[in-house]
Amino acid sequence: MKKAIVIGAGMGGLAAALRLRQHGLDVTVLEKQSRPGGRSNVLEENGFRADTGPTILVMKYVFEETYRALGLNLDERVRFVPLDPNYRIYFHDDSSLDLFGNMAQLSAEAERIEPGVTERLFRFIGAGAQKYELAMEFVERNYDHIWELANPRAGLRLIRTQAYQRLFSQVARFFETDKLRKAFSFHSMFLGLSPFDALAMYSLITYADIVYGMYFPMGGIYSIIEDMLALAGERGVGVRTATPVAQILVEAGRAVGVQLESGEILRADLVISNADLPYTYQKLIPAAYRKQYSNRRLDRMEYACSGYILFLGVDRLYPQMRHQALFFAEDYRANLDAIFRTHTVPDDISFHLNNPTITDPSLAPPGHSLLYVLAPMPNLQGTVDWNTAAPRVREQLLARLERIVDPDIRRHIVWEREYRPTDWLRDNNAVYGTAFGSLAHGFFQSSYFRPHNVARDIAGLYFVGQGTYPGIGMPMVLISAKLVTERILRDMGRAGANV
């Protein structure tokens with residue numbers, strides 16, 4: 001039986017381990033932290049249970065496919081609740097907009113902001129459908145050669161949909177008001193990209209949110225990790241926590257195992273890294289074997305943004321809130337330029353507000369609310385001193401919550417934690433403290449141009465997770481697990497196996 005070692009127990013690493021075990025490999029997962037999950041982790045204190053990474057999922061069918069590949073039905077193991085609406089959008093002038101998946105409700109909301117917009121809204125959604133169909137042709141596949149991008153039919157559709165344009169500029173052609181332009185362009189932020197820089201292709205995310213819906217697993221996103229860990233235990237996948245890897249062992253150009261920071265050596269036939277891909281090359285691979293991704297090349301790559309999270313336990317319920325919301329700064333461009341161009345803390349902060357206790361009261365003590373406030377922030381390529389900046393960001397967030405949630409909220413806070421960009425670096429080995437994933441999704445860091453899921457200069461070394469293709473986001477990470485399994489089986493001479 002071939003032995004495989006997976007470095008990192010994030011969602012992608014666990015999914016790859018389970019798929020490989022399904023095909024008869026002896027798999028061990030090594031996790032640096034004391035609790036598995038990677039970026040999809042959890043904080044449990046004083047009766048509160050808060051996801052520290054993703055809080056909502058979209059493209060649920062990808063999760064279902066992962067479980068089907070394991071011979072299971074996802075809905076029989078995890079209970080999902082659809083969100084309706086997907087988001088409430090708060091604007092600087094205290095107005096708001098609910099983004100429903102139902103077209104009639106969505107158009108009614110948009111008409112309140114911009115009378116006469118319905119036809120243009122539906123055309124925007126239709127254009128998103130075309131981009132979604134186009135993109136998925138390049139998402140659900142492995143790449144070996146650049147000419148595999150040469151799909152004449154897809155090229156014509158790329159031109160027809162103008163998916164190569166900038167996202168915000170294209171969205172602005174459908175909507176006249178600044179509010180709707182913000183509401184239908186922000187999704188690229190979850191890829192670590194400014195809407196002013198992102199390709200218009202990524203309006204497909206807005207389409208996926210609306211058409212496929214957004215879901216909350218009861219117990220939080222970490223309940224999926226917990227179920228995957230239960231499956232690992234049932235099926236004989238070893239998961240070792242508090243076990244940081246110091247080096248991937250390479251002999252005669254082939255990965256043969258790992259050396260732990262403790263000095264212990266574990267041998268294997270192949271190694272799959274779910275650690276941050278730039279970190280893997282910088283810290284875990286001996287310099288002599290790093291011909292493809294030198295420090296110089298890694299330094300030239302484009303990295304995603306970071307984020308500051310404020311967790312609040314509040315001894316009050318807020319039934320008027322939606323499960324999740326967004327607040328947009330008045331000067332959208334200035335906010336994004338600070339994050340992505342000057343790498344400074346914005347003067348006026350935009351943020352994601354999540355109140356999962358609206359859907360699942362068990363995440364807090366009775367009569368309490370759990371609030372998760374995520375403000376996109378510059379990564380650590382800048383010079384921000386977070387010991388100084390964090391208190392200022394916290395104050396701005398609390399001041400805004402006083403306006404949109406509760407003027408007396410400070411008096412009702414009974415539990416509080418924060419997560420800074422420096423914490424992403426410390427806990428997840430996330431290069432530059434990136435929050436959503438390491439490598440941003442510019443054109444030359446997508447599909448074939450994104451780092452491949454197999455090392456070209458080290459046999460037996462593979463990658464899974466957001467650093468390889470298809471990229472950032474839980475659905476993409478699960479697809480990456482399918483793709484790397486497909487590649488490993490092909491390399492083992494089992495091409496065509498149902499992965």
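This is a predicted model: local features need pLDDT of at least 70, side-chain atom pairs count only at pLDDT 80 or more; totals for chains, interfaces and linings use all residues.
Five strands form an open sheet in the order β10-β2-β1-β14-β20, and their pairing is parallel. At its edges lie β10, residues 238-240, and β20, residues 461-463, each of which pairs on one side only. Direction ignored, neighbouring strands here are turned by 20 degrees against each other on average.

Within that sheet, I would draw your attention to one pair of strands. Strand β1, residues 3-7, runs parallel to strand β2, residues 26-30, and five bridges join them. In this pairing, valine 6 stands opposite valine 29 in β2.

I turn now to the salt bridges. Side chains of opposite charge can pair when their charged atoms come close. In this model the count comes to 32 salt bridges, and I shall describe three of them.

In one, the side chains of aspartate 93 and lysine 179 meet at 2.7 Å, N to O. Aspartate 93 lies in the loop between β7 (87-90) and β8 (96-99), and lysine 179 lies in helix α7, residues 178-183, so this pair ties together parts that are 86 residues apart in sequence. Aspartate 93 has 40% relative accessibility and counts as partly exposed.

Another brings us back to helix α15. Here arginine 490 forms a salt bridge with aspartate 144, at 3.1 Å from N to O. Arginine 490 is in α15, while aspartate 144 is in the loop between α4 (118-139) and α5 (152-161), and the two are 346 residues apart. Both residues count as partly exposed: arginine 490 at 37% relative accessibility, and aspartate 144 at 23%.

Which residue does arginine 316 meet in a salt bridge? The partner is aspartate 406, with an N to O distance of 2.9 Å. Arginine 316 sits in the loop between β15 (306-314) and β16 (324-327), and aspartate 406 in the loop between α13 (386-404) and β19 (413-419), 90 residues apart. Are these residues buried or exposed? Arginine 316 is partly exposed, with a relative accessible area of 28%, whereas aspartate 406 is buried, at 4% relative accessibility.

Key
Residues are numbered from 1 along each chain as its sequence is written. Side-chain values use heavy atoms; hydrogens and water are left out. Two strands pair if DSSP finds at least two bridges between them. Helices (H or I, at least four residues) and strands (E, at least two) are DSSP runs, numbered from the N terminus. Axes are lines fitted to C-alpha atoms, for helices over the stretch in contact, and angles run from 0 to 180 degrees between N-to-C directions. A salt bridge is a side-chain nitrogen of Lys or Arg within 4 Å of a carboxyl oxygen of Asp or Glu. Buried means under 20% relative accessible area, exposed over 50%, partly exposed in between (1.4 Å probe, protein chains only).
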